[in-house]
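This briefing goes through one protein chain by topic. Please look at the sequence and the structure first.

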Amino acid sequence: MNHDMIYSRRSIRKFSQKTLAKETIESIVDAGRMAPSAKNRQPWKYLIYGGRHKDELLNRMECGIQREEQGDPRLPGSAHGIADAKNTLRFMKEAPVIMIILNTNGTSPFSDIDTDHRVTEICDTLSIGASIENILLKATELGVGTLWIANTCFAYPELTAYLKTEHQLVGAVAMGYAEEAPTPRPRKALAEILEFHL
């Protein structure tokens, strides 16, 4: 993989309706499979939704966002994020493919867990993040646009019920061929984030 993919990757919010070949999706996910993971647990699972299955999935997400907004919130301290979640849902509806990401070792974030399990969860979340980054970079290399999504949290019970899973829902990636070429978003200067203690 060309290291320039790190610098040319963009979050895409406008997609064409051109079909993504199954082989292309497999190639992208295979790059995710090769990521490092804590204790080699490989705690990731990827579910691909398109067509009417994607429509059903996103209908459930819309129901969850409405529930949050209409007085039965699971995330009352995050109500300021609902407008953004609605925008994200609009982008997801436009994308031809939605990838759902599960932590196969994780449980619902609404469950109490002890400190040992919390540390394991943190490590597995880091592992899944590495896997997703591989996926985003491989997609970029293949000319496929992606949007990494965490707003699934607003519809957590609705989505996990639809998925029929007790695994932890980590998030989603919208995927398809881009119909935009966004300019780079601002990044902190290296001097702000790097300290040497040599």
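The buried residues of helix 4 pack against helix 3 (51-69), strand 2, strand 3 (145-149) and strand 4 (168-176). Contact means heavy atoms within 4.5 Å, and buried means under 20% relative accessible area, with exposed over 50% and partly exposed in between (1.4 Å probe, protein chains only). Helices (H or I, at least four residues) and strands (E, at least two) are DSSP runs numbered from the N terminus.

This is a predicted model, in which local features need pLDDT of at least 70, side-chain atom pairs count only at pLDDT 80 or more, and totals for chains, interfaces and linings use all residues. Residues are numbered from 1 along each chain as its sequence is written, and side-chain values use heavy atoms, with hydrogens and water left out.

**Helix 4**

- Helix 4 covers residues 82-94, which is 13 residues.
- From first C-alpha to last, helix 4 reaches 19 Å, close to the 18 Å expected at 1.5 Å a residue (1.5 Å times one less than its number of residues).
- The buried residues in helix 4 are Ile82, Ala85, Thr88, Leu89, Phe91 and Met92.
- Seen down the axis of helix 4, these buried residues fall within an arc of 165°, so they line one face of the helix (the arc is that of the directions from the helix axis to the C-beta atoms).
- An α-helix has 3.6 residues a turn, so residues three or four places apart point the same way.

**Aromatic pairs**

- A search of the whole structure finds 2 aromatic pairs; rings of Phe, Tyr and Trp (its six-membered ring) pair if their centres lie within 6.5 Å, and planes under 30 degrees apart count as stacked, over 60 as edge-to-face and the rest as tilted.
- The rings of Tyr49 and Tyr162 have centres 6.2 Å apart and planes at 50°, so this pair is tilted.
- Tyr49 lies in strand 1 (residues 44-50) and Tyr162 in helix 6 (residues 156-163), so the pair ties together parts that are 113 residues apart in sequence.
- Tyr49 is buried at 14% relative accessible area, whereas Tyr162 is partly exposed at 23%.
- The rings of Phe110 and Tyr156 have centres 5.7 Å apart and planes at 75°, so this pair is edge-to-face.
- Phe110 is partly exposed at 40% relative accessibility, and Tyr156 is buried at 6%.

**Whole chain**

- The protein chain has 7 helices and 4 strands.
- Buried residues make up 40% of its 198 residues.
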